[in-house]
Amino acid sequence: MSDSDYRLEEDSQNKTNLDLHDMSLDPRLPVSDHESDGELSTVGFNDHDTDDEEAGTRDTETLSRQEQNPKEWCFCSNCSIMESELESYCCRESSLIVDGVIGQTGKSCVTHVEIFKKAIEDEDMLKLQANGLADVKRHKDGTIREESLRYTAYSTFLQICNLRFCGRGVRYVLPACVVKRIRELFPSPDGQYKDFIPGLINSRI
């Protein structure tokens, strides 16, 4: 199942109180294109081998990302299979994330960057942010429910990317590696997640 609580609609009631102004990054428009790191060479292949290689390439191209092993399209080595094609993309396919968040850190994945660890993986910090939500959901003992912590984490990641103001009906789909890590940190007790509910505009970062 896919998790709809990370496709966010920003409104005045659901703004977090944490001021991440000093964490603001270059708000350039994202680009999802990613060029191959290398080229296939046909040197040393006979005609039969070349035909097999081309046929294999065609087969891979016709498969959707949901049907492929994530290793075929993931560049950070942390992505997993997602429920839809739109959700199946890597953090390194976004120039906004690569240039604005990963930058010169030398990290292979945005989930390894220090700001991610401080703002999202620090549960105490995340709970402070969740307490600023108007509709935070709690267990009977008063502790914040995992789904609210996930929602807060997704919202915080958008702020890290300088996308805090989505606009009504605009839903950003986070990279597969980010969703995977946040679910690992704050898993659903029954392992089930809500389906994606499309907005008027649905966009990768």
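1. From the N terminus on, the elements run α-α-α-α-α-β-α-β, which comprises six helices and two strands. Helices (H or I, at least four residues) and strands (E, at least two) are DSSP runs, numbered from the N terminus. The model is predicted: local features need pLDDT of at least 70, side-chain atom pairs count only at pLDDT 80 or more, and totals for chains, interfaces and linings use all residues. Residues are numbered from 1 along each chain as its sequence is written, and side-chain values use heavy atoms, with hydrogens and water left out.

2. Of the 205 residues in the protein, 40% are buried (under 20% relative accessible area, 1.4 Å probe, protein chains only).

3. One aromatic pair is counted, where rings of Phe, Tyr and Trp (its six-membered ring) pair if their centres lie within 6.5 Å, with planes under 30 degrees apart stacked, over 60 edge-to-face and the rest tilted. The ring centres of Phe116 and Phe157 are 6.2 Å apart and the planes lie at 70 degrees, so the pair is edge-to-face. Phe116 belongs to helix H3 (residues 114–121) and Phe157 to helix H5 (residues 146–160), 41 residues apart. Both Phe116 and Phe157 are buried.

4. Contact (heavy atoms within 4.5 Å) between the two helices involves Ile115, Phe116, Ala119 and Ile120 in H3 and Ala153, Thr156, Phe157 and Ile160 in H5.

5. The charged end of Arg183 sits over the ring of Tyr193, 4.3 Å from its centre (criterion: NZ of Lys or CZ of Arg within 6 Å of the ring centre and within 35 degrees of the ring normal).

Technical notes:
Buried < 20%, exposed > 50% of the residue type's maximum accessible area, 1.4 Å probe, protein only.
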